[in-house]
Amino acid sequence: MSTMTLFHSPSSPFVRKVMVVLHETGQLDRVALQNAQLTPINPDAGVVASNPAGKLPALRLADGSVLHDSRVICEYLDQQHVGAPLLPASGSARWRRLTLASLADAILDAAVLSRYESFLRPADKRWDAWLDGQSEKIERSLSYFEHEALAEIRSHFDIAAIGLACALGYLDLRQPELGWRQRFPGLAGWFAEVSQRPSLQATAPL
């Protein structure tokens, strides 16, 4: 029986993170999906009523309170299941995985901002230097994962790995011209492997 409601858009990579966590922790049947389509200039009234920032995802709990921001929601869900945690409870391992998860989110932030700039903004008002700056953030972050954190990401399919997988999937969807696999073969091999997980198969972006 559903006891929570997730404001949901299948094209949102941040929503996808939450959906993957629900799959991985066996909590899908606890959450009803409420479709919401929005942009920064066209908010969804239902989302704004629950989340003043007007952003997805937002999770309404059984008591009516609402959590928002994918990191907050994912951490909440990680504390609601009986299996192995997706995030260490304490110590240096926790801060390291949170830092890697934050870097994966930085890739997503840059990719989404690039999408807004190149798709929503009128062509004569687009800022090429802004797009270049976002691309450089993505490149630096992917390089760090490839050269400094690949073994860590391979070791556990946890919050950090879920975030990175969703980020790479979103790059494939929205910026296939980046051709990131050629420059980051370690990430490419890892992503090909984890993409076979049922949680990622079921949440593949549309």
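This is a predicted model: local features need pLDDT of at least 70, side-chain atom pairs count only at pLDDT 80 or more; totals for chains, interfaces and linings use all residues.
**Notebook: rings, strands and a cavity**

I started with the aromatic side chains and found one aromatic pair in the structure.

Still on rings, I looked up what sits over W95. I found the charged end of R94 there, 5.6 Å from the centre of the W95 ring.

Next I went to the strands. Which way do strand 1 and strand 2 pair? I have residues 4-8 (strand 1) running parallel to residues 31-35 (strand 2), with five bridges between them. To get from strand 1 to strand 2 the chain passes through helix 1, residues 13-24, and I noted this β-α-β crossover as right-handed. I also checked L6 and found L33 of strand 2 opposite.

Then I turned to cavities. How many are there of 30 Å³ or more? I count one cavity by this rule. For the largest cavity I wrote down a volume of about 40 Å³.

I listed the lining of the largest cavity next: P10, S11, S12, P13, R16, C166, G169, Y170 and P205. Sorted by class, that lining has five nonpolar, three polar and one charged residues.

Which helices each supply at least two residues of this lining? I get helix 1 and helix 7, the latter spanning 159-174. Helix 7 gives the largest share of the lining, three residues.

Terms used. Residues are numbered from 1 along each chain as its sequence is written. Side-chain values use heavy atoms; hydrogens and water are left out. Two strands pair if DSSP finds at least two bridges between them. Helices (H or I, at least four residues) and strands (E, at least two) are DSSP runs, numbered from the N terminus. A crossover is right-handed if, with the strands pointing away from the viewer, the path from the first strand over the helix to the second runs clockwise. Rings of Phe, Tyr and Trp (its six-membered ring) pair if their centres lie within 6.5 Å; planes under 30 degrees apart count as stacked, over 60 as edge-to-face and the rest as tilted. A charge sits over a ring if NZ of Lys or CZ of Arg is within 6 Å of the ring centre and within 35 degrees of the ring normal. On a 1 Å grid over the protein atoms alone, a cavity is a set of points where a 1.4 Å probe fits but cannot get out, and a pocket is an open set with protein on both sides within 12 Å along at least five of seven lines; lining residues have an atom within 4 Å of a point. Grid points are joined across faces, edges and corners, and a volume is the space filled by probe spheres set on the points. Ala, Val, Leu, Ile, Met, Phe, Trp, Tyr, Cys and Pro count as nonpolar, Asp, Glu, Lys and Arg as charged, and the others, Gly among them, as polar.
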